[in-house]
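Subject: Structure handover and notes

Dear colleague,

I am passing on the structure we spoke about, together with some notes to read beside it. Please open it first and keep it in view as you read.

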Amino acid sequence: MSFTVLLLAGGQSQRMGQDKSQMYGGIPRLKGVVLRCGAHRVIVLCGAGERADFFEGETWADPSHCNGIHQVVEWALNRIDDDVLLVPCDAFLFDEKACTALLEQAQLGGVPVDANGRRQPLFSYIPHSFGLPLKIDSMRSMTEFLPTIDTKDIGQCFTNFNRSEELEEHQDELSRIPW
C-alpha cells in the first residue's frame, strides 16, 4: 500500500494555550509513527508561511485563497497523486497500533471513530480514486461518503485535544507516550 500522510499542524491552538504541534513529541513523533507504518511521503500542512521553519522536511503553507482546514486539505489532495492519510497534530494518543489498524481496515478509504463512537474526519484515509463531493463546507462534508471504520478497543487513539482540561482527563494514557 502506497500512501502519503498530511500532518495537520496549521491551527493556532488558542483554546489549548500552547502550540499543539510541539506537545507530546509533536510532529517528529507523529512522523515516526506513520513512517514506521509504511508512509512513503509525509507533508506537514503548517498554516501561515512563517510557521514553515518550525518543521523539518516537506512543509506546505496554506495558500492565501483557503479559509479553513477543509479548503487547505482539498487544495493539498488535488496536488497529491497518491492515497492520503490525514493525521492532526493533536493526535497525542495516536500510535503505530492505531495507525496499522486504520490502514488495514481503510484500504478503500474510511473515517475512524473515537472512543465515543464519533467519526473523526481529521484521521481520514482518502484513496486517490475517491471523488470529492462538489460542495465542501467542512471536513465532515468532505468525508461524508467515506465508510466509517470501527476502531473497537483503540478508539481513544483517535482523540483530538483542544483544551488543557482534556489533557487532564487522559493523563494516564498521555503519561505512557514514548517521546
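Predicted model: local features only at pLDDT ≥ 70, side-chain atom pairs only at ≥ 80, totals over all residues.

The nonpolar cores

The largest nonpolar core has 31 residues, and those with the most contacts inside it are V5, V34, L85, V87 and F94. Which elements give two or more residues to this core? They are the strands β1 (3–8), β2 (41–47) and β4 (83–88), together with the helices α1 and α3 (96–105), and the largest share, five residues, comes from α3. If you select F94 in your viewer, you will find that, leaving aside residues up to four places away in sequence, F94 touches R29, L30, V33, V34, V87, C99, F123, C157 and F158. There is also a second, separate core, which has 21 residues and includes L45, W60, V73 and F130.

The aromatic pairs

A pair of aromatic rings is described by the distance of the centres and the angle of the planes. Searching the whole structure gives seven aromatic pairs. One of them joins F3 and Y125, whose ring centres are 6.2 Å apart and whose planes stand at 65 degrees; because an angle over 60 degrees counts as edge-to-face, this pair is edge-to-face. F3 belongs to strand β1 and Y125 to strand β6 (residues 125–126), so the pair ties together parts that are 122 residues apart in sequence. Both F3 and Y125 are buried.

W60 and W75 form another edge-to-face pair, with 5.5 Å from centre to centre and 75 degrees between the planes. This pair links distant parts of the chain, since W60 is in strand β3 (residues 59–61) and W75 is in helix α2 (residues 69–77), 15 residues apart. Are these two residues buried or exposed? W60 has a relative accessibility of 15%, and because buried means under 20%, W60 counts as buried; W75, at 16%, counts as buried too. Finally, ring pairs link F94, F123 and F158 into a cluster, and F94 is the residue already named among those with the most contacts inside the largest core.

An exposed position

P28 is placed in helix α1 (residues 26–36). Its relative accessibility is 63%, and because exposed means over 50%, P28 counts as exposed. P28 and C89 are 61 residues apart in sequence, while their C-alpha atoms are 10.0 Å apart in space.

With best wishes

Methods:
Residues numbered from 1 in each chain as written. Heavy atoms only, no water. Helix = DSSP H or I, 4+ residues; strand = E, 2+ residues; numbered from the N terminus. Buried < 20%, exposed > 50% of the residue type's maximum accessible area, 1.4 Å probe, protein only. Core = buried A, V, L, I, M, F, W, Y, C linked by side-chain atoms within 4.5 Å. Contact = heavy atoms within 4.5 Å. Phe/Tyr/Trp six-rings, centres within 6.5 Å; stacked < 30°, edge-to-face > 60°.
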